[in-house]
Amino acid sequence: MKRTNVVTSTLNSLSRALSRALISEQTARRSGVMQSLDPRVRVLGTFLLVIVIVLVHKIAVLLAVFTGAVVLALASAVTIRTLALRVWFVVLAFTGVIALPALFLTPGEPLSSVPSITPQGLHAAVMLIARVETAVTLTTILVLCTPWVEILKALRSLCVPREVVMMLAMAYRYIFLLAETATQMFESRESRRLGVLPGSEQRRVVAQTAGVLMSKSLDLSQEVFLAMQSRGYRGDVFTVADSRLRPRDYLAILAVAIIAALALWLGR
Amino acid sequence: MHIPDGYLSPSTCAVFYGGTVAAWYVCLKRLKRALLTRVVPLISVFAAFAFVVMMFNLPLPGGTTGHALGVTVAAIVLGPAGAVLSTSLALALQALLFGDGGITTLGANCFNMAVIASLVAYACYRTLAARAPISARRRVIAAGVAGYVAANVSALAAAIELGIQPALFHDAAGAPLYAPYPLKIAIPAMMIGHLTFAGIAEAVISAGLVAYLQVADPSLLAATSGLNVPGMASGARTRASLRRLWVTVALLLILTPLGILATGKAWGEWAPSDFLRPEARAQIASASKNALPPAAPPEGMARLTTIWTSPFPAYAPAFVRSRALGYLLSAMFGVGVCLLIALLAQSRLRAHPRPEQVT
């Protein structure tokens, strides 16, 4: 049996995650409809639409919102290719596999004899896929068009406690540092390796690397705390005052409200 | 195990957001009491660590690989409150940054993978490791078992959440509106993967990390070891009095079915219907020095009885056939609710300890 090289695959997943996060920062800098709106409107609008999608019970309404989301993506410099690779295929592979047996397992009058697909099963499977695809497409458009700092600022204005927002911001910052540290540890281990390690030894290497990383993290948190304290941190968090909304933001709020109300009314 | 948007109904999502937000609030309060201003950097950096560790590929016996949650290690090093917060933060980052897990389902995901998993992992580890020395082999095994059990209980919780959807939320034709499979399909489908891969991955990373820390940095295992380590609050006396309390509660619980041996109703606990039954009327009269009860139930009693219907009428839930077992179950439920209220009241009333010297 071919033994998977866990160090290489871990290095790949670390670098893939970092590059995905960095692609978001690049798309966010391009000009487009989403990018021109206030981050609070973007975050609030997306969250509201995702809740509406979960509440809607009609496939046609879900497809209409999905089409709207694709148009919004194109107007915000997010390509169909990015969405397809990042969202549609991934969701289809995951949710599709889950939804497929529902065609046959959901009780009801069979549409066809062999295989016995029931209308209820067909409805359930299509509904699940449509719902998940639309929700994840909308969330991805938000994430691709909004830098992390702006999402956090918007969360603050949505009454998420300051401490939580600060922890999210700090965690995001240190993910990159710790991921880089882990990458370097794995690379240095890999460069010194001769031959193939047995499974038990590979498990020991990964656990040891995680252990070293944890010790480093805890030391780092102590250093960060001292640095914060030396700059006057006493447990209170202050944020810069929020900017004012512009006319286009109010228009976007109105548009989202109308779409949400229509979808809820038609999709009952 | 990350449930995406669209698998759970809005009401399920709201319930789990409610429960999880309450857990976050309690955990944050507890940690702040112990660590003061250190909480923010500690939890933030540990969440970043948990996020990175979730990306590690672990080689599993049999040549496959898997990903761990890292929540067991967090529970062993930081305790359950720190584990709940740091894992929740890592899950929130995954949802907001990578769309891994939904926004509406974040509450449920955090409830399964942060709250339940942390508490189960901590309870398992503390029970199995008991008072073993920091360097004992038993701690490594305890960590592995805790990781395996925590990952599986957390998956079971997710499976139950998904499995109740078709029964509760379907359209007029019977088509499920959210996750389509009932419990009898959702539970085995979810558990097979976790009993074989994800649970083992969590066990491998937890046991491996504890074994490493025993050699490299044993101080990190001291906080949740249950041993009297210098610099930590001595909990021996508290534990002894707590143990007495638990033994008393357990004895009382075992003795509760004695209540069904008593005949008739306690004086003054009559139902409106008792005033109409001849044998009940006779019993009321004999217990009240032969004073005859009124011919019909008092009007106020009849009106007020309908305001609240007990979840367990006559101390026996409807689904239990044996009266004694129902009595015991009701007692356990009642004691649980009382303990919960007492613990909440205690945490609210407890005076804040003297702030430690921050260095």
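The model is predicted. In it, 73 residues of chain A are in contact with 56 residues of chain B. Chain B has 12 helices and 2 strands. Its domain assignment gives three parts: domain 1 (10-234), domain 2 (235-264 + 309-359) and domain 3 (265-307).

**Chain B**

- From the N terminus on, the elements of chain B run α-α-β-β-α-α-α-α-α-α-α-α-α-α.
- Domain 2 of chain B is assigned in two stretches, 235-264 and 309-359. Domain 3 is assigned to 265-307.
- The C-alpha centres of domain 1 of chain B and domain 3 of chain B lie 53 Å apart.
- Chain B has 359 residues, and buried ones make up 42% of them.
- Take the contacts in chain B between residues at least 6 apart in sequence. Of these, 67% join residues at least 24 apart.

**Where chain A meets chain B**

- The contact involves 73 residues of chain A and 56 residues of chain B.
- On the chain A side, the elements giving two or more residues are α1 (6-29), α3 (39-55), α6 (102-105), α7 (119-145), α8, α9 and α10 (199-230).
- Helix α10(A) gives the most to this side, with 18 residues.
- By class, the side of chain A that touches chain B has 47 nonpolar, 19 polar and 7 charged residues.

**The largest nonpolar core**

- In soluble globular proteins, nonpolar side chains tend to be buried together.
- The largest nonpolar core here has 171 residues.
- Within this core, A171(A), A47(B), V52(B) and L93(B) touch the most other members.
- Leaving out residues up to four places away in sequence, A171(A) touches S44(B), A47(B), A48(B), L89(B) and L93(B).

**Helices α8 and α9 of chain A**

- Helix α8 of chain A covers residues 148-157, and helix α9 of chain A covers residues 162-191.
- Their axes come within 9 Å and cross at roughly 170°. Angles over 145 degrees count as roughly antiparallel, so α8(A) is roughly antiparallel to α9(A).
- From α8(A), the residues that meet α9(A) are W148(A), L152(A), L155(A) and R156(A).
- From α9(A), the partners are R162(A), V165(A), L168(A), A169(A) and Y172(A).
- The residues of this contact divide into 7 nonpolar, no polar and 2 charged.
- E190(A) lies in helix α9 of chain A. It counts as partly exposed because 14 C-beta neighbours lie inside 10 Å.
- E190(A) and P147(A) are 43 residues apart along the chain. Their C-alpha atoms are separated by 34 Å.

- Most residues other than glycine have a negative phi.
- A77(A) has a phi near 65°, a positive value in a residue other than glycine.
- The place of A77(A) is in the loop between α4 (59-75) and α5 (80-99) of chain A.
- A77(A) is partly exposed, because 19 other C-beta atoms lie within 10 Å.
- C159(A) is not a glycine either, yet its phi is positive, at about 70°.
- C159(A) is found in the loop between α8 and α9 of chain A.
- C159(A) is exposed, because 6 other C-beta atoms lie within 10 Å; the cut-off for exposed is 12 or fewer.

Note on methods
Residues are numbered from 1 along each chain as its sequence is written. Chains are lettered from A and ligands numbered from 1 in the order in which they are written. This is a predicted model: local features need pLDDT of at least 70, side-chain atom pairs count only at pLDDT 80 or more; totals for chains, interfaces and linings use all residues. Domain bounds come from an automatic or database domain assignment. A nonpolar core is a set of buried Ala, Val, Leu, Ile, Met, Phe, Trp, Tyr and Cys residues joined through C-beta atoms within 7 Å. A residue is buried if 20 or more other C-beta atoms lie within 10 Å of its own, exposed if 12 or fewer, and partly exposed in between; C-beta atoms are placed from the backbone. Two residues are in contact if their C-beta atoms, placed from the backbone, lie within 7 Å. Axes are lines fitted to C-alpha atoms, for helices over the stretch in contact, and angles run from 0 to 180 degrees between N-to-C directions. Helices (H or I, at least four residues) and strands (E, at least two) are DSSP runs, numbered from the N terminus. Angles under 35 degrees count as roughly parallel, over 145 as roughly antiparallel, 65 to 115 as roughly perpendicular and the rest as oblique. Ala, Val, Leu, Ile, Met, Phe, Trp, Tyr, Cys and Pro count as nonpolar, Asp, Glu, Lys and Arg as charged, and the others, Gly among them, as polar.
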